[in-house]
Amino acid sequence: MRLLLAVLFSALSLQALAGEAEVRKAFEARFPGSKVSSVSKTPLPGIYEIVADGNQVAYVDEKAEYLVLGEVIDLKNRRNLTREKVDQLMAIRFDSLPLQNAIKFVKGDGKRTLAVFSDVDCPFCKKLEPELAKLDNLTIYGFPYPIASLHPDAGRKSEQIWCSKDRAKAWEDLMLRGKQPAKVADCKNPVDENVALGQKLGISGTPTLVFANGRRVPGYLQADKIEALLKEAAKAN
């Protein structure tokens with residue numbers, strides 16, 4: 001009986017893989033040059049999930065004659081399957097981040113962790129800072145991440161903050177109080193490394209928050225939303 005079940009399972013698995021291979025082939029024929037990362041069957045009969053050209057998620061039928069762009073929601077279990085997939089694709093392993101290249105802020109017991117990629121001249125980054133200040137029992141690793149195409153002077157300011165005697169204070173003086181960093185002697189700093197890292201991770205805007213469970217959230221968030229995501233991250237670890 002065990003042998004029979006193993007044979008049946010193997011046959012079904014090969015059939016599923018064959019179906020996914022055919023869908024991939026049909027899709028690539030429709031979109032020459034597209035780079036398909038994965039093809040997988042969805043709970044919807046005859047519908048396959050396609051991940052292509054980076055982290056783009058779409059859905060097609062078995063012959064790739066119809067393309068569906070949008071979100072698939074499991075109403076019974078109240079799950080947004082598309083959002084879950086995108087979060088999975090966009091996740092960043094927290095333990096892979098070079099935390100030594102970040103400015104460290106410890107609040108309360110500092111047990112929880114959060115990384116923030118932030119541009120000192122980004123309006124939404126400055127808007128985020130008062131929200132971060134409302135949180136407690138948290139260690140924040142702030143990665144200075146200037147986007148030169150938008151804020152040409154942000155790189156210089158980031159370097160000055162890093163080379164300051166008290167980096168955390170210099171950062172908060174600028175971001176919370178609008179006080180420009182004092183002119184200091186140049187020093188070895190990780191600003192260029194942070195830019196290269198962010199580009200490698202596909203961080204195209206600031207602020208971008210990375211939680212301990214790897215979840216990446218771009219954009220400004222209010223403190224209550226950040227707190228909810230911190231609790232979610234704690235449950236996952």
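Predicted model: local features only at pLDDT ≥ 70, side-chain atom pairs only at ≥ 80, totals over all residues.
In which sense do strands E7 and E9 pair, and over how many bridges? Residues are numbered from 1 along each chain as its sequence is written, and side-chain values use heavy atoms, with hydrogens and water left out.

**View 1. Pairing of strands E7 and E9.** E7 (residues 103-107) and E9 (residues 138-144) run antiparallel to one another and are joined over five bridges; strands are DSSP runs of E of at least two residues, numbered from the N terminus, and two of them pair if DSSP finds at least two bridges between them. Lysine 107 stands opposite leucine 138 in E9.

**View 2. The two faces of strand E7.** In a regular strand the side chains alternate between the two faces of the sheet. In E7, Ile103, Phe105 and Lys107 form the covered face, whereas Lys104 and Val106 form the uncovered one.

**View 3. Confidence along the protein.** The mean pLDDT is 90, and 92% of the residues reach 70 or more. Over residues 1-18, by contrast, the pLDDT is below 50, and beyond near neighbours in sequence this stretch has zero contacts (heavy atoms within 4.5 Å) in the model.

Key. Buried < 20%, exposed > 50% of the residue type's maximum accessible area, 1.4 Å probe, protein only. Helix = DSSP H or I, 4+ residues; strand = E, 2+ residues; numbered from the N terminus. pLDDT = per-residue confidence, 0-100.
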